[in-house]
Amino acid sequence: MASGEHTRKPKPTREEAAPTEAPSKEARTQEVDDLLDEIDEVLESNAEEFVRSYIQKGGQ
Amino acid sequence: MSLPKICGIETEYGISLKTEGEFNPILTSSLLINSYAQPAFKRVKWDYEEENPLRDARGFDRAVAEAPGEDDSGLVNVILPNGARYYVDHAHPEYSSPECSGARELVVWDKAGERILEESIATARAVTGDTSDILIYKNNSDGKGNSYGCHENYLVDRRTPFANIAKHLMPFFVTRQIFTGAGKVGAESGAADIDYQISQRADFFEVEVGLETTFKRPIVNTRDEPHADAERYRRLHVIVGDANMSEVATFLKVGTTSLLLKMIEDDFITDDFSLREPVACMRAVSHDPACKLACELADGRKLTAVELQWEYLRLARKYTQNEGSDPVEDAVLDKWEATLEGLERDVMSLAGQLDWVAKLALLEAYRSRDGLDWSHPKLRLIDLQYHDVRRGAGLYYKLAGAGRMERIVSEDAILHAVDHPPEDTRAYFRGECLRRFSPRIVAASWDALIFDIGREPLRKVPTLEPTRGTKAHVQSLLDASPDAVSLIANLST
């Protein structure tokens, strides 16, 4: 491999969409939808209260 | 010549109860550990004699007093047959893996820790008969400004100046989060708000170098507590990492850091990648899931985290070509390269390898299906439950079960590691002695076992050399010692 080349590649521009923006519809397949259905079955209920009550004492 | 990178990972797990109302995390953590530990192992005390968490690698002793934690004494603290330590620390159950000889082994014994916590939930329930569920999360933040650690430890040559270690590790640690990050919805600890970030931990680092671990957390931690021959060794205590569910992420985290340390010991790195503002850069890198942000170096150059990691990989390739490498290191180098290529090409292509990308892909799928805004509490729940150690309920395990997460080791190896020590470090001697002679062992620690052979005085067997006490080294001794008395006699001849 010639890893030295990699650092010389032109930097991609900031204009490219960040992955946190605009989830693409086509990213979801039937397989993913089936998986989400399966996860729905195990996901704790009452998300808002559940997340609010998860408080930890600080650690290291 | 660099030292073998004996390594381990200590994880403070998040703990909660499903029921409403008051809950005491110390009592529940104690219950988990007490119910799990076998009686024969529970009576072996942890030997605190060599513990000295306030000694500083920069040479001063007890410089900045960190308030003694409520973990210091009297709490549950057991040694497991696999050579690990399982105890209550800072109101969390903590699993400190046994010493391992490399990244692949450490993935195995780190994962064994998850299985031990999962099993402890069942043993605790059997004790109390309680139907309320104890919940255990292998993550680093409660999302409300409280963080708990996942620390790595590496054997380092005492002769290597600490200043060199700090100088070269700093830019490496700031940028390695692009593959070690476990992902987090939102920001904490005064960081500017953001939808999603790469690391669970990055928001909590405030200084560059220091001794503290619970506040003013430093990127390079100076705790100098070798748990080994202090004349020869340091134990580098790395507090900057996220706890990983992904085997690939742990493998890369440990494997790349081990290679960096070898290069530093051999004074191989002549480049200076010092960052202008490491602490600010640490946050900025974490807050940039596109991986496009340029970090400014002290010399004015601007490189992205990926580009800086390419530099380290280039050095590591050259170093191993000169000095040789083992098959695990070769696998680390190849995985490192594939990961950087993936991050450059399309971040989402690593959804099957890296925790932060896997979690992001899952969150995006939910957002797409249910039309959820980033502020929706369900997304924070998914973030949390990704780290649930129960294989039937943890979302990482749902992804893994669907074949969507790449594995590094086999489940058989992990289950074997629950009850067996690694064979090629001193953990083997510790684990085997406990398995064979526990009624005669009064106390144990990382660097000693203390035997009561029925007559005064107690006999201390030091294990100050982490590379000794391996199966190859002591199996014949152990096999020739049917009991502790003969072991002590054989050791002194």
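1. Basis of the values. The model is predicted, so local features need pLDDT of at least 70 and side-chain atom pairs count only at pLDDT 80 or more, while totals for chains, interfaces and linings use all residues. Residues are numbered from 1 along each chain as its sequence is written, chains are lettered from A and ligands numbered from 1 in the order in which they are written, and side-chain values use heavy atoms, with hydrogens and water left out.

2. Helix 13 of chain B. Helices (H or I, at least four residues) and strands (E, at least two) are DSSP runs, numbered from the N terminus. Among the buried residues are B:Tyr428, B:Arg430, B:Glu432 and B:Cys433.

3. Cysteines. A disulfide is a pair of cysteine sulfur atoms within 2.5 Å, and the count over all chains is zero. The sulfur of B:Cys150 is 12 Å from the closest cysteine sulfur, that of B:Cys7, which is too far for a bond. B:Cys433 is likewise in no disulfide, the nearest cysteine sulfur being that of B:Cys100, 18 Å away. B:Cys150 counts as buried because its relative accessibility is 1%; for B:Cys433 the value is 0%, so this residue also counts as buried.

4. B:Ile450. This residue lies in strand 17 (residues 448-451) of chain B and counts as buried because its relative accessibility is 13%. Beyond its neighbours within four places in sequence, B:Ile450 is in contact (heavy atoms within 4.5 Å) with residues including B:Asp47, B:Ile441 and B:Leu458. B:Ile450 and B:Val44 are 406 residues apart in sequence, yet 9.3 Å apart in space, C-alpha to C-alpha.

5. B:Thr320. Helix 7 (residues 305-323) of chain B contains B:Thr320, which is buried because its relative accessible area is 9%. A polar atom of the B:Thr320 side chain lies 3.1 Å from the backbone oxygen of B:Arg317. Not counting residues up to four places away in sequence, B:Thr320 touches B:Leu259, B:Ser325 and B:Leu333.

Methods:
Buried means under 20% relative accessible area, exposed over 50%, partly exposed in between (1.4 Å probe, protein chains only). A polar contact is a pair of N or O atoms within 3.5 Å; within protein, one must be able to donate a hydrogen and the other to accept it, and residues adjacent in sequence count only if both atoms are side-chain atoms.
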